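Subject: Structure handover and findings

Dear colleague,

I am passing on the structure below, together with an account of what was found in it.

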Amino acid sequence: MKPISIIIDCDPGIDDTIALLTAFVSPELDIRGITPVCGNQPLEKTVRNALQVCELGGRTDIPVYAGCFKPMIREPIYGQFHGKSGLGNTMLPEPVKKPEAQSAVDFLIAELSKAAEKQEPITLCCIGPMTNFAVALRIKPEIAAGVERIIMMGGAYRESGNRTMTAEFNMLADPHAAHIVFSSNIPIVALALDATHQVMLKPEHVDEFARVSGRISTTISELMMFWDRNDVRRYGSRGGPLHDPLVIVYLLAPHLFESEPARIFVEHESELCMGQTIADWYGKSNLEPNAQIVSKVNSQAVIELMLERLSRYAGNKGTL
């Protein structure tokens, strides 16, 4: 089968890093570019982290384009569970690879315009705040024709928020960008906290990943151990939810997920509920669904697939 052409829009980030490392060793995916954005960390750190992860994964062939340094309107907020660098306590060498001269927004406009002209649309994997793509859409709305679909991590529906009572971090970080993207009529698959909280990375899983992941085993172990929330009351067990990697796993094995259609709205005016995502499950708005919201995940199969993928780093450089 022809590989799926994707762009990974991210804000590395521990779980972004695990997602990238999984994608790097998946020949089903043709990664056209990585577009870091201000999110879990300021832009200079998310760009550096993306470059470091490319070198760690042996994928310096993938171009990295620096994105927006702040949200569209609001002031930046940063992640709370990723440490000062965004990579927990893990220290990676300074990257040799450099970001491209072209900005992420210009890259998205150029690449998606070309995809639209060739009628070869690209899948966007949005695993951070959606500022880059929202700005690109505002500049050139026609690029929507170059997007096959958006697979995104963000939002909370039947689950409560993880940054405020009502909001998930990626949506709160740039609610105006999320509002623009959900208003674009591009097909969207939404992996919200409702899905990601079903896949907990438990301490026993960390041992398994360290055992199989070869030359990156120390890094993987350190990242995953730092990710442990140690909040049994909230999650029902030790460990941390595998948020962003689920986007990559969904692309590789969509049969492991069940979803429901709904119209999604993003609160971008009320401070009390800023960033809240609201799902119209039953047509109360009289608007057609604009997304498939993942509601059920085969968590054990997800862990097994990721173990298999990361085991590909044993005895090789991660290159395809």
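A residue is called buried when its relative accessible area is under 20%, exposed when that value is over 50%, and partly exposed in between. Leu287, at 41% relative accessibility, therefore counts as partly exposed. Please keep in mind throughout that this is a predicted model.

Leu287 sits in the loop that runs between β9 (277-280) and β10 (291-297), and together with Phe265 and Ile278 it makes up a nonpolar patch on the surface, whose accessible area comes to about 230 Å² for the three together. The loop between β9 and β10 also holds Asn286, which has a positive phi of about 65° although it is not a glycine, and which is exposed, with a relative accessible area of 72%. Ala291, by contrast, belongs to strand β10 and is buried, because its relative accessibility is 6%. Leaving aside residues up to four places away in sequence, Ala291 touches Ile188, Glu260, Pro261, Ala262 and Ile264. Between Ala291 and Arg263 the C-alpha to C-alpha distance is 6.4 Å, although 28 residues separate them in sequence.

The backbone deserves a word here, as most residues other than glycine have a negative phi, and most peptide bonds are trans. The peptide bond from Pro12 to Gly13 is cis, with omega near -15°, and Gly13 is part of the loop between β1 (4-10) and α1 (14-24).

Turning to the charged side chains, the structure holds ten salt bridges. One of them joins Arg32 to Glu111, with the closest N and O atoms 2.9 Å apart. This pair links distant parts of the chain, since Arg32 is in strand β2 (residues 29-36) and Glu111 in helix α3 (residues 104-118), 79 residues apart. Of these two partners, Arg32 is partly exposed, with a relative accessible area of 26%, whereas Glu111 counts as buried at 11% relative accessibility.

A second salt bridge is formed by Arg74 and Glu271, whose closest N and O atoms are 2.8 Å apart. Here too the pair links distant parts of the chain: Arg74 is in the loop between α2 (43-56) and α3, while Glu271 is in the loop between β8 (257-266) and β9, 197 residues apart. Arg74 is partly exposed, at a relative accessible area of 24%, and Glu271 is exposed, at 56%.

Among the aromatic side chains, the count comes to three aromatic pairs. Tyr157 and Trp281 form one that is edge-to-face, with 6.3 Å from centre to centre and 75° between the planes. Tyr157 lies in the loop between β4 (147-153) and α5 (169-173) and Trp281 in the loop between β9 and β10, so the pair ties together parts that are 124 residues apart in sequence. Tyr157 itself is buried, at 14% relative accessibility. Tyr250 and Phe257 form another aromatic pair, which is tilted, with 5.2 Å from centre to centre and 55° between the planes. Tyr250 is buried, with a relative accessible area of 11%, and Phe257 is buried as well, at 9%.

Finally, the cysteines: how many disulfides does the count give? The count comes to zero disulfides. Cys10 is in none, and the nearest cysteine sulfur, that of Cys54, is 8.6 Å away from its own; a disulfide would need the two sulfur atoms within 2.5 Å. At 0% relative accessibility, Cys10 counts as buried.

Key
Residues are numbered from 1 along each chain as its sequence is written. This is a predicted model: local features need pLDDT of at least 70, side-chain atom pairs count only at pLDDT 80 or more; totals for chains, interfaces and linings use all residues. Side-chain values use heavy atoms; hydrogens and water are left out. Patches are made of residues with over 30% relative accessible area and no salt bridge: like charges are joined within 9 Å, nonpolar side chains (Val, Leu, Ile, Met, Phe, Trp, Tyr) within 5 Å. Accessible areas come from the Shrake-Rupley method with a 1.4 Å probe; for residues, only the protein chains shown count as cover. A salt bridge is a side-chain nitrogen of Lys or Arg within 4 Å of a carboxyl oxygen of Asp or Glu. Helices (H or I, at least four residues) and strands (E, at least two) are DSSP runs, numbered from the N terminus. Buried means under 20% relative accessible area, exposed over 50%, partly exposed in between (1.4 Å probe, protein chains only). Contact means heavy atoms within 4.5 Å. Rings of Phe, Tyr and Trp (its six-membered ring) pair if their centres lie within 6.5 Å; planes under 30 degrees apart count as stacked, over 60 as edge-to-face and the rest as tilted.
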